Amino acid sequence: MAGVFYTSDKMIKAMEAIRYPIKGSCQCGAVSYRLLAPPQMVVACHCKECQKLSTSAFSITAIVRAEDIEFIGELSHWQRGSASGNISAAKFCGRCGNRIYHYNPAEPQSIKLKPSNLEDTRIIQPSAHAWVSEKQDWFVIPPGVKQYAGQP
Ligand SMILES: [Zn+2]
Ligand SMILES: [Zn+2]
């Protein structure tokens with residue numbers, strides 16, 4: 001699976017070394033989850049919205065199938081329209097506020113997990129960078145990794 005999306009042999013080897021399931025949890029521990037299978041794709045997004053979300057220069061998202069993840073604990077929720085016209089919805093821990101995942105209510109089978117909450121953070125190596133048109137100038141994308149000016 002990973003080989004389809006990862007461009008370098010080094011990246012493929014790193015992803016193949018990861019063992020599933022992997023546990024994850026929010027910052028306070030009230031919400032936890034188990035990722036049962038590799039993500040379909042790991043993407044860094046440099047858009048202004050993601051800079052706010054991550055309180056950093058970009059956010060990282062692992063696209064996973066809903067059936068490949070199990071949540072324990074109560075998730076809080078919000079949703080709003082996005083610039084693209086899609087509905088963007090988010091699940092987060094109501095106690096500590098840590099974002100757990102995003103999804104489009106029209107495509108509930110696809111979960112946009114915020115994967116830095118996983119115990120094995122080797123997974124947060126992006127195979128593509130989106131919205132590089134809004135990227136911070138000091139951040140240099142590693143050679144050989146796919147880039148998109150906007151949405152891939
Ligand atoms: Zn929490
Ligand atoms: Zn973004």
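**Exercise 1. Locate the annotated domain in this predicted model and describe its span.**

Solution. Start with the record: an unreviewed UniProt entry lists "domain: CENP-V/GFA" for residues 22-132.

**Exercise 2. Work out the order of strands in the open sheet and name its edges.**

Solution. Begin with the inventory, which is three helices and 11 strands for the protein. From the N terminus, the elements follow the pattern α-α-β-β-β-α-β-β-β-β-β-β-β-β. Now trace the open sheet: eight strands build it, in the order S6-S7-S8-S9-S4-S3-S10-S11, with mixed pairing. Its edges are strand S6 (75-81) and strand S11 (146-147), each of which pairs on one side only.

**Exercise 3. Find the sense in which S3 and S4 pair, and the partner of Val43.**

Solution. Recall that strands of a sheet pair through backbone hydrogen bonds, either parallel or antiparallel. Strand S3 covers residues 41-45 and strand S4 residues 59-65; five bridges join them in the antiparallel sense. Then pick out Val43: its bridge partner in S4 is Thr61.

**Exercise 4. Why does the radius of gyration agree with a compact globule?**

Solution. Take the expectation: for 152 residues, a compact globule would have a radius of gyration near 15 Å. The protein has 15 Å, so the two agree. For the dimensions, its C-alpha atoms fill a box of roughly 40 × 35 × 30 Å along the principal axes. Among contacts between residues at least 6 apart in sequence, 52% join residues at least 24 apart.

Note on methods:
Residues numbered from 1 in each chain as written. Chains lettered and ligands numbered in written order. Predicted model: local features only at pLDDT ≥ 70, side-chain atom pairs only at ≥ 80, totals over all residues. UniProt positions renumbered as here; feature names shortened; annotations may be inferred. Pairing = 2+ DSSP bridges. Helix = DSSP H or I, 4+ residues; strand = E, 2+ residues; numbered from the N terminus. Rg over C-alpha atoms; globule rule 2.2 N^0.38 Å. Contact = placed C-beta atoms within 7 Å.
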